[in-house]
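Keep the viewer open as you read.

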Amino acid sequence: MKHIQTLNGATLKASAAKGGCGECQTSCQSACKTSCTVANQKCENQ
Amino acid sequence: MVHTFTALGQYLAADVNSGAVHVLDKLTYDLLSLIPGPMGETLPPELAEQLPQYDRRELEEGWRELLELQDGGLLFTDDTYLDPEAAMALPRAAVVKALCLHVSHDCNLRCRYCFASTGDFGTGHRMTMTPETAKRAIDWVVAKSGKRRNIEVDFFGGEPLMALDTVKQTVEYARSLEKEHDKVFRFTITTNGVLLDDDTIDYINREMSNVVLSMDGRREVNDHMRPTVNGKGSYDVIVPKFQKLVAGRGTKDYYVRGTFTRDNLDFSADVLHLGDLGFRHVSVEPCSGPADDPFAIRKEDLPQVEEEYEKLARLLMERRDINFFHFNVDLAQGPCVIKRLRGCGAGCEYVAITPDGEIYPCHQFVGKEEYRMGNVFDGSFDMEISGRFADQNIYTRPACRECWARFYCSGGCSASNLLVNGDITKSNEVACEMERKRLECAIALNAIAAGMGEAPYTERDNTACNQCGACAAEEKSNI
Ligand code: SF4
Ligand code: SF4
């Protein structure tokens, strides 16, 4: 493509199929703690 | 839903439901910004008319490229692939797998913004948790975690090092249960650093898989907000100790985390200062609270805060030695979409335990009587309260449902919603604005790191900005 570069593909869709094991880190999004955007967490199952 | 935005001079589009992110040129950016929904085969003439600055053939070419993305499931995707009901059944099971253990409701600092009322959570009595209570909490979570293997325990306070003996006994006890119950404990401690000595540093570096070191940045900023009980600054006491701890940390996780308030909206200087002190993993986060809180970021501060985040992102491009927590978004490898429906596990997967062994949805609800869920001694656990939290997700929270950032942010903080809007389901709009801005910067940084898009930010360019328009107005008035 001339005008567009794709930085990331449809990764969310792909993850729906195998997700939900629940082993990943619990997150807290509060500013007063180890606040954690979920998007920067790791999947335990990869 | 597609979110087009500019950050750091990049033209970007995030396709919300698929997770795809595209780096555009100015033409496709301008074009896509005008497209309300799924695209047809050909460029509508009225769209072309709105963009007279571009050659018609070029626009058609841009349209075809965008259409190709749409056909490939990378643009204007819907989220019917996901059944929110089924997805939420999982967290509703109330399998508790993380504890915030308030080993000390006491503190040796008197931070002015402290949500825990400088340690005692507004109770007026300062106390530490006995090892017996902590062990009961561990037994409780082992039972409550069912088949979940990984269990997290965060030693929190007040200041947890004021109850170091309880911390040590808890770790030892939990480890002794791992094999028999097929569990793996991961410990984290959040400390203000005052009581760190060589032995404690060694202990933390050995036993804690993560450590959060609290300080705010520049000396004057830190000492203004984080005085000792006697009103002296804490910077000189803690900095050498934190440096020592980090030097011995090896590859284990740590974060130096600070808070910025209305008093230091130039917080990029604090992030850089923490980097200058040798700390690689840095998180500096906005103080949050109701509109009359003297320190919390307010709506009127947002333009300045957002500008500061852009500034910080640009500065960090030159400072590869600093890993700023909130710009660290892994677009491809993050958690599954089910996890992203609700980031916060309060009241379901995650609870806080007070020194008395009482259970609250999380550390921020401690002391709010109506949210007391039970007690580790009698095993009580209020499923009605738990259910209320389990029902929170990006589909049930009205603002999140409409928000482009929902799969990155995962719904925000119930406690801050309650604090600011009196309702755990009502998103704290000020916090949301900052979250969205951080995400935009993070995505732009990803694009730049991948060598994509426009040349990294040069000088201010009004045409490249879809934000507030204030600078264009300012320029006009200068003519
Ligand atoms: S309610 Fe807020 S503070 Fe509590 S766990 Fe959730 S995100 Fe963290
Ligand atoms: S930024 Fe706010 S509205 Fe958007 S998903 Fe996060 S909490 Fe919800």
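At 14% relative accessibility, Phe76(B) counts as buried, because buried means under 20% relative accessible area, with exposed over 50% and partly exposed in between, for a 1.4 Å probe and protein chains only. You will find Phe76(B) in the loop between α3 (56–71) and α4 (84–92) of chain B; helices (H or I, at least four residues) and strands (E, at least two) are DSSP runs, numbered from the N terminus. Phe76(B) has a positive phi of about 50°, although it is not a glycine.

Before going further, a word on conventions: this is a predicted model, in which local features need pLDDT of at least 70 and side-chain atom pairs count only at pLDDT 80 or more, while totals for chains, interfaces and linings use all residues. Residues are numbered from 1 along each chain as its sequence is written, chains are lettered from A and ligands numbered from 1 in the order in which they are written, and side-chain values use heavy atoms, leaving out hydrogens and water.

Leu8(B) also shows a positive phi, of about 55°, without being a glycine. Its place is in the loop between β1 (2–7) and β2 (10–15) of chain B, and Leu8(B) is buried, with a relative accessible area of 0%. For another backbone feature, look at Gly157(B) and Gly158(B), which are joined by a cis peptide bond with omega of about 15°. Gly158(B) lies in the loop between β7 (150–156) and α6 (164–181) of chain B.

Now to the aromatic rings. Over all chains, the structure holds 15 aromatic pairs. Rings of Phe, Tyr and Trp (its six-membered ring) pair if their centres lie within 6.5 Å; planes under 30 degrees apart count as stacked, over 60 as edge-to-face and the rest as tilted. Phe260(B) and Tyr309(B) have ring centres 6.3 Å apart and planes at 75°, so this pair is edge-to-face. It links distant parts of the chain, with Phe260(B) in strand β10 (residues 253–260) and Tyr309(B) in helix α11 (residues 302–317) of chain B, 49 residues apart. Phe267(B) and Tyr309(B) form an edge-to-face pair too, at 5.0 Å centre to centre and 65° between the planes. Phe267(B) is buried at a relative accessible area of 0%, and Tyr309(B) is buried at 0% as well. Ring pairs link Phe260(B), Phe267(B), Tyr309(B), Phe324(B) and Phe327(B) into a cluster.

Which residues have the most contacts inside the largest nonpolar core? They are Leu101(B), Trp140(B), Phe155(B), Met215(B), Phe279(B), Phe327(B) and Ile353(B), in a core of 133 residues. A nonpolar core is a set of buried Ala, Val, Leu, Ile, Met, Phe, Trp, Tyr and Cys residues joined through side-chain atoms within 4.5 Å. Helix α17 (residues 429–449) of chain B gives the most to this core, with 10 residues. A second, separate core of 24 residues includes Ile4(A), Tyr29(B), Ala48(B) and Leu51(B). In soluble globular proteins, nonpolar side chains tend to be buried together.

Finally, visit Thr261(B), in the loop between β10 and α10 of chain B. Thr261(B) counts as buried at 1% relative accessibility. Not counting residues up to four places away in sequence, Thr261(B) touches Tyr113(B), Met225(B), Cys287(B), Phe295(B) and Ile297(B), where contact means heavy atoms within 4.5 Å.
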